[in-house]
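Welcome! Here are some exercises on reading a protein structure, each with a worked solution. Have a look at the picture, then follow the steps.

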Amino acid sequence: MSPTSLTGRLFTIRPLGKRLAFAELHCPDRTYLCVFPGRPDVTEESIVRVTGTLRSAERSRKFAEEVHVEGFEVLAANTVGTSARMRHLPYSRDILAEQHVYMRLPEVRDRLLKKWTAIKSVRDLMEEERYVEVQSPRIVGSMADGPTLKFKVDFFGREAYLTLSNLLYHTAFVAGDFTSVFEISPLFRADINHSSQHLSEFLILEVTAAHRGRDDMIGLSNRIVRRVCEHTGAPLPEGDLDDIPVVTYQDVLAITEKDEDCQDLRPGHRIKRYHARSVSRHLGRTLFWVVDMPARHKAFFSSTRHEPLAGAEVADDFRLYWDEVDIIDGGERVTSPRRLLERMAEQNLDPEHFAYYVDVLRSGLPPLTGFGLGIDRLMAKCLGLGNTRQLVPFPRFIDHLEP
């Protein structure tokens, strides 16, 4: 036993008769069990300083130490209500308005901490793989990634945008002989989409590597996903992370055509969520790759080829689905300036908007491949959440900007 003084937030006050009460004191280093001589006159989740005797909590499975309180002082009273009242409320804008209180719930704190520590585990893996972490600008000029909806900003009187992708800058890093790079950063898209999988500001891992092809990057992606799943304890069936199946876009056409419970995928059209669910059911696997998408749906920097079996131009790409949700999208990149200009013309893009990028290719580039991994989407799947917004402390999506 030793005298002590501790400061923290007081949770879960439980009176036991009139002469005894228990509470949890969440301090920076750990959580202590507090034993009060009667119900303390303080609102739960207030900041308090307690003084008393520190003892070993021999009868508790949850706490290592307990404080027998002799006195306490309220340093900052909680006057807005407790997080416990929010536990069973549906996730809504009302929750977001009190996110600072909601984050006190242990389950909410746990999932946010799992996300942030999972990001660290990804960084550790990328270091093991000998990739260099880089930083691209968040504000860009005309060299924005194609026709996707963008957020416009005023850059000292000039028109600029919040960045949609780091990939064009990663190509410049490769041209500067940083041949294997990655970046974990926010991206911004002004899509008018109310889906629970879409955010206007989201966190992404983007990777670009020279002298590596599609199969190499699928292998790296599999290792990253495995690392995150193992870190979070994702509820996947045994073996689902082993030998993740790879199917072509043509395979998806055939699978959906035979699925009486699914609307057919029309040739040349985008894969919808119900198509992906059909493929997942057909394969009996949670995770699967789709390759060789129609070239017309891929960005101008994507490498393409004519595929005789499809009778069309396809991309040298790869996309990972977790059931119906796409988690990773990537592919081999165009390194020929002539071919890049052709791809821009096919998509009615003005080469002047990408003059710097064209110059990067003219300086000479090795073969390179890249991908983007949606961290919020992957973590939501790992933690069994249906809404990616539940993993973002202050999510931004259409009609929601504050706080």
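**Exercise 1. Find how many aromatic pairs the whole structure has, and describe how Phe36 and Phe72 meet.**

*Solution.* Step 1: a search of the whole structure gives 10 aromatic pairs. Rings of Phe, Tyr and Trp (its six-membered ring) pair if their centres lie within 6.5 Å; planes under 30 degrees apart are stacked, over 60 edge-to-face, and the rest tilted.
Step 1: the ring centres of Phe36 and Phe72 are 5.7 Å apart and their planes stand at 90°, so this pair is edge-to-face.
Step 2: Phe36 belongs to strand E3 (residues 31-36) and Phe72 to strand E5 (residues 65-76), so the pair links distant parts of the chain, 36 residues apart. Helices (H or I, at least four residues) and strands (E, at least two) are DSSP runs, numbered from the N terminus.
Step 3: with 2% relative accessibility Phe36 is buried, whereas Phe72, at 34%, is partly exposed. Here buried means under 20% relative accessible area, exposed over 50%, and partly exposed in between (1.4 Å probe, protein chains only).

A word on the source: this is a predicted model, in which local features need pLDDT of at least 70, side-chain atom pairs count only at pLDDT 80 or more, and totals for chains, interfaces and linings use all residues. Residues are numbered from 1 along each chain as its sequence is written, and side-chain values use heavy atoms, with hydrogens and water left out.

**Exercise 2. Work out what kind of pair Trp289 and Phe318 form, and which strands they lie in.**

*Solution.* Step 1: Trp289 and Phe318 are 5.8 Å apart, centre to centre, with 65° between the planes, an edge-to-face pair.
Step 1: Trp289 is in strand E13 (residues 287-291) and Phe318 in strand E16 (residues 317-322), so the pair ties together parts 29 residues apart in sequence.
Step 2: Trp289 is buried, at 0% relative accessible area, and Phe318 is buried too, at 0%.

**Exercise 3. Find what sits over the rings of Tyr161 and Phe397.**

*Solution.* Step 1: recall the test: NZ of Lys or CZ of Arg must be within 6 Å of the ring centre and within 35 degrees of the ring normal.
Step 1: Lys150 lies over the face of Tyr161, 5.6 Å from the ring centre.
Step 2: the charged end of Arg389 is over the ring of Phe397, at 3.7 Å from its centre.

**Exercise 4. Identify the residues that touch the most other members of the largest nonpolar core.**

*Solution.* Step 1: a nonpolar core is a set of buried Ala, Val, Leu, Ile, Met, Phe, Trp, Tyr and Cys residues joined through side-chain atoms within 4.5 Å.
Step 1: this core has 41 residues, and Leu205, Val207, Ile224, Trp322 and Leu373 touch the most other members.
Step 2: helix H5 (residues 214-232) gives the most to it, with 7 residues.
Step 3: not counting residues up to four places away in sequence, the contacts of Trp322 (heavy atoms within 4.5 Å) include Cys229, Leu236 and Ile327.
Step 4: a second, separate core has 18 residues, including Met344 and Val358.

**Exercise 5. Decide whether Asp240 is buried or exposed, and name its contacts.**

*Solution.* Step 1: Asp240 lies in the loop between H5 and E12.
Step 1: its relative accessibility is 5%, so Asp240 counts as buried.
Step 2: leaving aside neighbours within four places in sequence, Asp240 is in contact with Arg285, Thr286 and Leu287.
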